[in-house]
Amino acid sequence: MPAIVLGRFLVQDRYERELELRVRNPMSQYADMLSRAMAVPVWTLDKAVANQFIQAVMRNPEVVSVEVYDESKAIFVRSAKFKKIDAKFLREERPILLETKVIGTIMLELTTEHIEKELWADFLKLGMALLVQVVFSFILIWLLFERRIVRPILELQMATVRLARGKLDQPLEWLRQDEIGNLAQGLDKMRLNLGRLITEREAQNITLQQELNERLRAEQALKVTEEKFIGIFQASPVAMTVLRKAQYYSMIDVNHAWVRQFFWSHDEILGDSETQKALWRNEHDFFEILRILERDGEIHDYEAWLSCGHQEKIILCQISGRMIRLGNEPLIILVQEDITEKRQNEQEIRNMNTTLERRVSERTQALEAANSELTIVLENLQRAQRELLRTEKMAALGSLVAGIAHELNTPIGTSVTVASTLAQHTDEVLFALDKGMRRSVLEEYLRNAKTGADLLLRNLSKASELVISFKQVAVDRTSANRRMFALDEMLSELIVTLGPTIRKTRHDIESRVPPKLMMDSYPGPLGQVLTNLINNAFIHGFEGDFRGTVSIFARTVDEDVVEILVSDNGKGIPTANLGRIFDPFFTTRLGQGGSGLGLNIVYNLVTGVLGGNIVVESELGKGTTFRINLPSAPKLNEGESGYIE
């Protein structure tokens, strides 16, 4: 076979040389010669001369055809031989130049048929020579192989069969010291060694049988333990995996919880290492877990992303595990708990906290802005309230002044009349005295003077009392001076000053205050509280032709607290309004003269400067009672030295 292959390459090389020497070189030479020789005949259109040149070339048996084309690509002259269909041809084309101008083209075609025939005949001769040589060599080698190799090997084979049958008593002898002789000597040594080993094996078989019985018992116990482990392993509600270190940490078992969690069947995950690699989203996590297990023997709470079957879904798992030994084989048990939802919930909580913080910040800013606006509005309201309170106070004081002025008008007018009458009678007596006055006239004058003096004294005393009461009430109202006062006297002065207002109505005021009930407090604010409560009863409690009564009662609860009850027998307050009557600007007579500040002023004065508290009790149709508890000597706190002016 090497000779045939080498001969083929030699024939191919010879073929190429012959082809180059007998076809390609002559073809190139003919083409050069004809391109130069055809220039004049083509130019002069002398086809006879051109045919002579072509016939000279056609004498070469390898030349098959020669074609000359003129400048218009038309055939000028042509000569051709018979062509075989299956023959191979080589073509050469050259331009025909006259000086530098192309005036035509020459086309030569040569065949390789003669060269191929000669080479094929040579190849057949070489093949026959090689075949004869191979047959002769095979016969010679076969005879030598039969005598020197086959026969000795058959004898060795028979000896080997005897050894295989256990016949170790017949020695194997070989006289020739060649490779087969060495093999025979080795077989004989093996026979001797086998005899010794068989004897030893029989002794070891007894020992092995004993060990086998022990191992069978151990395997039985191990099988029971393994069945228990498999039962616990498969019943575990958490996904578990067993990996074998000897197989490059490949998975050898998974439990049912693992299949439910990752959507891979046992066959899919355990039978394909590529699928086991695809389980880990990042293969670095798997190698890091193995590194920690080999270093520490266990791992706890390692988090990694794992893929779930063919659903293109990944879950975040918390991985814990331990390296154990089953016999002498190291195994790894991994627990893979799905914490994706847990982490998502934590992230949602963090996002909600962030959103909540942002909302709280936004709400805080909005509240701060609203508080700023409300502060401004509150300041405006407080300023408006102070103005309204001042207006209310001045209106009440003006009403008080008008009432007192009206009350003073009668005694002062009477006093003026009496004084003017006395003055007129005195002038008449003086005139009569100049002319001579009679005793009867003087006696009448003295009687009239005494009567006028009595009238004048009573009216001026009454006016003086009104002025003193008004002065005290006015001083108390326009200031917040703290002083000792008797509650009954202060209330009497208040009722006197309210007399003109009371007499304009059909209502009455009853006062039941123990005498000499002393208080060290602020009579002005207390008088304003009682005035507002009386006016509130007149305006809201008594409507129409109803004739009502306001009762004021006071008593000492203990040595430091005085309780004042202001009651009326009016229509009462609806339950829905009881919680709002002290609110500023709350009134049931909006647009009818009610400002909604009367009871708010009462509440602020009682709980503020007076240091007490006030509650209201009412029932529709049964009147209203305001219960005021005041310290007899309120503590003077900073900022409470006065009230609204």
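Reply: The crossing of α14 and α16 is left-handed. The model is a predicted one.

Me: Why are α14 and α16 called roughly antiparallel to each other?

Reply: Helix α16 covers residues 598–607, and α14 packs against α16 at an angle of about 150°. Angles over 145 degrees count as roughly antiparallel, so α14 and α16 fall in that class. Their axes are 9 Å apart.

Me: Which residues make the contact of α14 with α16?

Reply: On α14 they are Pro525, Gln528, Val529, Asn532, Leu533 and Asn536. On α16 they are Gly598, Leu599, Ile601, Val602, Leu605 and Val606. By class, the residues of this contact are eight nonpolar, four polar and no charged. Gly counts as polar.

Me: Which residues of α12 and α14 meet?

Reply: Leu487, Met490, Leu491 and Leu494 of α12 meet Pro523, Leu526, Gly527, Leu530 and Thr531 of α14. The residues of this contact comprise seven nonpolar, two polar and no charged.

Me: How do you know that β6 and β7 are the edge strands?

Reply: The open sheet has five strands in the order β6-β5-β9-β8-β7, with antiparallel pairing. Strands β6 (250–254) and β7 (298–308) each pair on one side only, and they are the edge strands. From one strand to the next the twist averages 35°.

Me: How do you know that β7 and β8 pair?

Reply: Pairing needs at least two bridges between two strands. β7 and β8 (residues 313–326) have nine bridges, in the antiparallel sense, so they count as paired. Ser307 stands opposite Ile314 in β8.

Me: Which helices lie across strands of the sheet?

Reply: Helix α5 (residues 179–235) lies across β5 (239–244), β6, β8 and β9 (329–338), and runs at about 80° to β6. Helix α9 (residues 283–296) lies across β5, β7, β8 and β9, and runs at about 160° to β7.

Note on methods
Residues are numbered from 1 along each chain as its sequence is written. This is a predicted model: local features need pLDDT of at least 70, side-chain atom pairs count only at pLDDT 80 or more; totals for chains, interfaces and linings use all residues. Side-chain values use heavy atoms; hydrogens and water are left out. Helices (H or I, at least four residues) and strands (E, at least two) are DSSP runs, numbered from the N terminus. Axes are lines fitted to C-alpha atoms, for helices over the stretch in contact, and angles run from 0 to 180 degrees between N-to-C directions. Contact means heavy atoms within 4.5 Å. Angles under 35 degrees count as roughly parallel, over 145 as roughly antiparallel, 65 to 115 as roughly perpendicular and the rest as oblique. A crossing is left-handed if the near helix is turned anticlockwise from the far one by less than a right angle, and right-handed if clockwise.
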